[in-house]
Amino acid sequence: MDLVLEAAVLGVLTGGVYALMASGLTLIFGVMRIINVGQGALVVLGAYLSFALFRTWHIDPFLGLVVTMPVMFLLGVALEAVFIRPLRTDREALSVLVTYALALGIEGLLGLVFTTNFQQLSVWYRTASFPVGGLRIADVYVYGFLLCVAILGALALLLYRTTFGAAIRATMLNRTAAQLIGIDVERVSALAFGIGMATAAAGGVVFGITTAFNPGSHYDLISRLLTIIVLGGLGSLRGAIVAGLLMLVVEDVTSVLVTPTWATFTFFVVLVLVLLTRPQGLYGLRARAGT
Amino acid sequence: MRPRPGARWLGPGAATVLALAALAVPLVADTSTVNVGVFTLMYVGLATAWNVMGGYTGYISLGHAGFFGIGAYTLGLFVNHLGVPGGYGPFLAVPIAGLVTAALAVPVGWIALRTRAATFVIVTIAFMFMLQILATNLRGLTGGSQGLGFPTPQDWSPDFVDVPFYYAMLALAAVGIAASWWIRHSKLGLGLLAIRDDEDRALSLGVPTWAFKMTAFVVSAALVGMIGGVYGYYVTYVYPQFVVDPLVGLSMVLMAFLGGTGTIAGPVLGALLLEPTQLELAYFAGSARLYLVLYAAVFLAVILFLPRGVIPSIAERLEARRSAA
């Protein structure tokens, strides 16, 4: 029972990271109607950026976010302008292929620069842990969770307390109408893509500390993230957060109760169940995008 | 538009010449060329099969590598259990690989086709990764990450061994093209194109959209499964991560897009252009990482500069010239 409880707590803590990574993905979908299959690769890229800073200049990965998040944001804006915006016809289908190709390119480049050996951000506090009522919780999971809560909070403030956030939400609700009332939807799209990348950078740090990764890790990541946003309802921020926490708890508990080799499989079981009973996901489709 | 009298024979004429050339290749070419031929024909078949679903209906599946894997494992398990020796025997099991893949495609399609557009793409990706996990975890059945071996043909000389596979792939590509042609010229094909243009409208006009989509999905999957079976036998050993390979699933899509989705000749042309290029790139790059980078670059170039594909672009230009004249 203790093990199950520990797994559940761990699930919530790691779920926060997945919630953050998935929120970037669902935000991009909500604003642009495209599935960024490259999100997993961008998370891995974020992890490698932090790894490079850490290895070369011994910059703490959490501190390094001050650098990596803006860098990834700018990279996102650039990627959107070069690869997504030129797509005029059949945008939804072609964007999946383009972002898939980007993922492969990033995987290849990371392999060339960092080799395909597994790496981990071995910060000194990685192994530190503290007891809570009979359980031992690793420090990094708590730091990671707090970081995710902070960033998700900032994202919520941006979306619901600023004019720019209102423009994003308007674009999510109805692109054409948003354009008609004078919102520069192309600019909103570029910035949303950049914000999605910045969340990937932050997610990458926590991912890189808690998990060993290599350039090919993005396949596993993206299949999880895609399941999470379908479960939450495409374009719904709240859905992404709830589904992220839920899925990781389910996975971690399964891994304790059944076996770790089948734990990842729970994602697909849940996905099938969702599609059979509620294809639009927990929080519906675009109409209720993040409330 | 009404084609000129001469143009009417252009398509069938080109197809006949291509078919004769394809039949003659193993008679004149060396082993390494035949080897390239096997993979090229494999992708002609795969891209054509993918196009039956993805091109005609506009439902983009990125998970067809899953069906490829199902076909390969089915053929391998079948011949191993029956103790079929290497030789021509295993080729007889190819239709069984197709049937099993079709049977498994029904529940997959049932679930995946509850969704549309973006969600459909996601579901197909998830399906592929799910199969990869299953192939790895069901060790008793698939051999897990140790892989599954196929019987090896003992009495085929190294010079000859590629030839039967070449003709097997050619036959499957021909079946695929015939199926694609037949569907395109039938009521089913019209319905599928109507679904691509506007599914709700097609439904309201009386197109049985669900049945049509299912049919296209299952036919497409069965063709891919049969090709997967021949592939497994050709490479003699299949591993979960190499037979359910996202790159395979992606390549067939890219080829269909390069040639032109929704056309019959497009995927064929795309595969003929791209697969030899891919093999050349892999050879040139040496390392898998550099290959990935180059592959991604080719991919991006195709999508950004030729989003509608070669065949539709040429057809458009011809039509413009004709109407100008």
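**Figure 1. Crossing of helices α3 and α8 in chain A.** The axes of α3(A) (61–84) and α8(A) (residues 185–210) come within 7 Å and cross at roughly 140°. Axes are lines fitted to C-alpha atoms, for helices over the stretch in contact, and angles run from 0 to 180 degrees between N-to-C directions. The angle makes α3(A) oblique to α8(A); angles under 35 degrees count as roughly parallel, over 145 as roughly antiparallel, 65 to 115 as roughly perpendicular and the rest as oblique. The crossing of these helices, α3(A) and α8(A), is right-handed, the near helix being turned clockwise from the far one by less than a right angle. The residues of their contact comprise 23 nonpolar, 6 polar and 1 charged. Ala, Val, Leu, Ile, Met, Phe, Trp, Tyr, Cys and Pro count as nonpolar, Asp, Glu, Lys and Arg as charged, and the others, Gly among them, as polar. The model is predicted: local features need pLDDT of at least 70, side-chain atom pairs count only at pLDDT 80 or more, and totals for chains, interfaces and linings use all residues. Residues are numbered from 1 along each chain as its sequence is written, while chains are lettered from A and ligands numbered from 1 in the order in which they are written.

**Figure 2. Helix α2 of chain A and the residue that follows.** With 19 residues, α2(A) reaches 27 Å from its first C-alpha to its last, close to the 27 Å expected at 1.5 Å a residue; the expected span is 1.5 Å times one less than the number of residues. Because 14 of the 19 residues of α2(A) are buried, this helix is largely enclosed by the rest of the structure. A residue is buried if 20 or more other C-beta atoms, placed from the backbone, lie within 10 Å of its own, exposed if 12 or fewer, and partly exposed in between. Just after α2(A), His58(A) takes a positive phi of about 55°. His58(A) lies in the loop between α2 and α3 of chain A and is exposed, with 7 other C-beta atoms within 10 Å.

**Figure 3. A positive phi at Thr236 of chain B.** Phi of Thr236(B) is near 65°, a positive value in a residue other than glycine. Thr236(B) occupies the loop between α10 (209–235) and β2 (237–238) of chain B. Thr236(B) is partly exposed, with 15 other C-beta atoms within 10 Å.

**Figure 4. The contact between chains A and B.** Chain B contributes 33 residues and chain A 39 residues, where contact requires C-beta atoms, placed from the backbone, within 7 Å. On the side of chain B that touches chain A, α5(B) gives the most, with 12 residues.

Conventions:
Two residues are in contact if their C-beta atoms, placed from the backbone, lie within 7 Å. Helices (H or I, at least four residues) and strands (E, at least two) are DSSP runs, numbered from the N terminus.
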